[in-house]
Amino acid sequence: MALRWSIYAPDRFAAINADSAVPPCELDLPMLTNLKPMPVFLRHDAAHTGTPLKEVKAFETQAKKVDVNLCLVGLGANGDEDNRKVEAFQTSLSGARRDLYARQLEFASNDPQVNRRAWLRIDEYDNRNNPNFEMRLHQPNGKEKGAVIETKKLHLYPATIDAKIEENTIQIKTSRVGSLTVFLSRCMFDQEKAVVIIANKQTICSKKFAPTLEFMLEEARRSGRRDRVYATAYSFRVR
């Protein structure tokens, strides 16, 4: 469960340790970029899960394509090979520290309810050539489908954002995004200089942003975090 939730709410996870977990389904695979840069440890045990090896391999292949820091063990009978993987994985993590303000950020979302990662939020999706569909969540009832708990609309293809901060400039590339909001912190920029936001090679703004106490308190209340608080935000449509 944590493996799938981390895709949809990546800000809530620092690392993933999934034991005999069912890998994300085909609908989730295009959004595996959200697992970056958190480390993911997955132990597959055929005796404790009904997940076919083919699905686990598909997850591994897609994770490698987007450079997820994945350690996957339990695919074969070679325990020594698994031990070497785990040792190398642990070594790569020793001394590593999280970049709380993520100067480089990738995000994908097909669900309007989970539309934010760190300092980026998708406010509107571009629906052109991207139909949505209805998904129903049912109450478990043995082998039968129970009552519908929730109905939501998802997009067939996820909206994607690739953004990075270089000094006082934010460079953003988007796909299937109609509008978005950038959240700004005093730890991210030189407050004495203008912040430049460039989206899809178009300059959106170049201005100084003044922090507000009211905004900071609301952000702290919403997130429940004290180690990463944003001081103001700027919303715009993507051209």
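Predicted model: local features only at pLDDT ≥ 70, side-chain atom pairs only at ≥ 80, totals over all residues.
Trainee: What makes up the protein chain, in helices and strands?
Mentor: The protein chain has four helices and 14 strands. Of its 239 residues, 41% count as buried.

Trainee: Why is Trp-119 called buried?
Mentor: Buried means under 20% relative accessible area. Trp-119 has 0%, so the label applies.

Trainee: Where is Trp-119 placed?
Mentor: Trp-119 is in the loop between strand 5 (116-117) and strand 6 (120-125).

Trainee: How do you know that the buried residues of helix 4 line one face?
Mentor: Start with the list. The buried residues of helix 4 (residues 213-223) are Met-216, Glu-219, Ala-220 and Ser-223. Seen down the helix axis, they fall within an arc of 100°, so they line one face. On the other side, Glu-214, Leu-217 and Arg-221 are exposed.

Trainee: What do the buried residues of helix 4 pack against?
Mentor: They pack against strand 5 and strand 11 (177-184).

Trainee: Which residue follows helix 4?
Mentor: Gly-224 follows, and its phi is positive, near 75°.

Trainee: Why is the contact between Glu-219 and Arg-222 called a salt bridge?
Mentor: The rule asks for a side-chain nitrogen of Lys or Arg within 4 Å of a carboxyl oxygen of Asp or Glu. Glu-219 and Arg-222 meet at 3.3 Å, N to O, so the pair passes. The two are three residues apart in helix 4, about one helical turn.

Trainee: How many salt bridges does the rule give?
Mentor: The count comes to 10. One of them joins the side chains of Glu-106 and Lys-36, at 2.7 Å, N to O.

Trainee: What makes the pair of Glu-106 and Lys-36 a tie between parts of the chain?
Mentor: Look at the placement. Glu-106 lies in strand 4, and Lys-36 lies in the loop between strand 1 (16-19) and strand 2 (40-43). The parts are 70 residues apart in sequence, so the pair ties them together.

Trainee: Why are Glu-106 and Lys-36 both called partly exposed?
Mentor: Partly exposed lies between the buried limit of 20% and the exposed limit of 50%. Glu-106 has 25%, so it belongs there. Lys-36 has 21%, so it belongs there too.

Trainee: How do you know that Glu-124 and Arg-237 form a salt bridge?
Mentor: Their closest N and O atoms are 2.7 Å apart, within the 4 Å limit. Glu-124 lies in strand 6 and Arg-237 in strand 14 (residues 232-237), so the bridge ties together parts 113 residues apart in sequence.

Trainee: Which strands are the edge strands of the five-strand open sheet, and what makes them edges?
Mentor: The order is 4-9-10-12-13, with mixed pairing. Strand 4 (104-109) and strand 13 are the edge strands, as each pairs on one side only. The twist averages 15° from one strand to the next.

Trainee: How do you know that strand 9 and strand 10 pair?
Mentor: Pairing needs at least two bridges. Strand 9 (residues 159-166) and strand 10 (residues 169-175) have seven, in the antiparallel sense, so they pair. Glu-166 stands opposite Thr-169 in strand 10.

Trainee: What is the phi of Asp-67, and why is this residue called exposed?
Mentor: Phi is near 65°, a positive value in a residue other than glycine. Asp-67 is found in the loop between helix 2 (53-65) and strand 3 (70-73). Its relative accessible area is 59%, over the 50% limit, so it is exposed.

Trainee: Why does Asn-200 count as partly exposed?
Mentor: Asn-200 has 25% relative accessibility, which falls between 20% and 50%, so the label is partly exposed. Its phi is positive as well, about 50°, although it is not a glycine. Asn-200 is in the loop between strand 12 (195-199) and strand 13 (202-207).

Technical notes
Residues numbered from 1 in each chain as written. Heavy atoms only, no water. Buried < 20%, exposed > 50% of the residue type's maximum accessible area, 1.4 Å probe, protein only. Arc of directions from axis to C-beta. Contact = heavy atoms within 4.5 Å. Axes fitted to C-alpha atoms, helices over the stretch in contact; angles between N-to-C directions.
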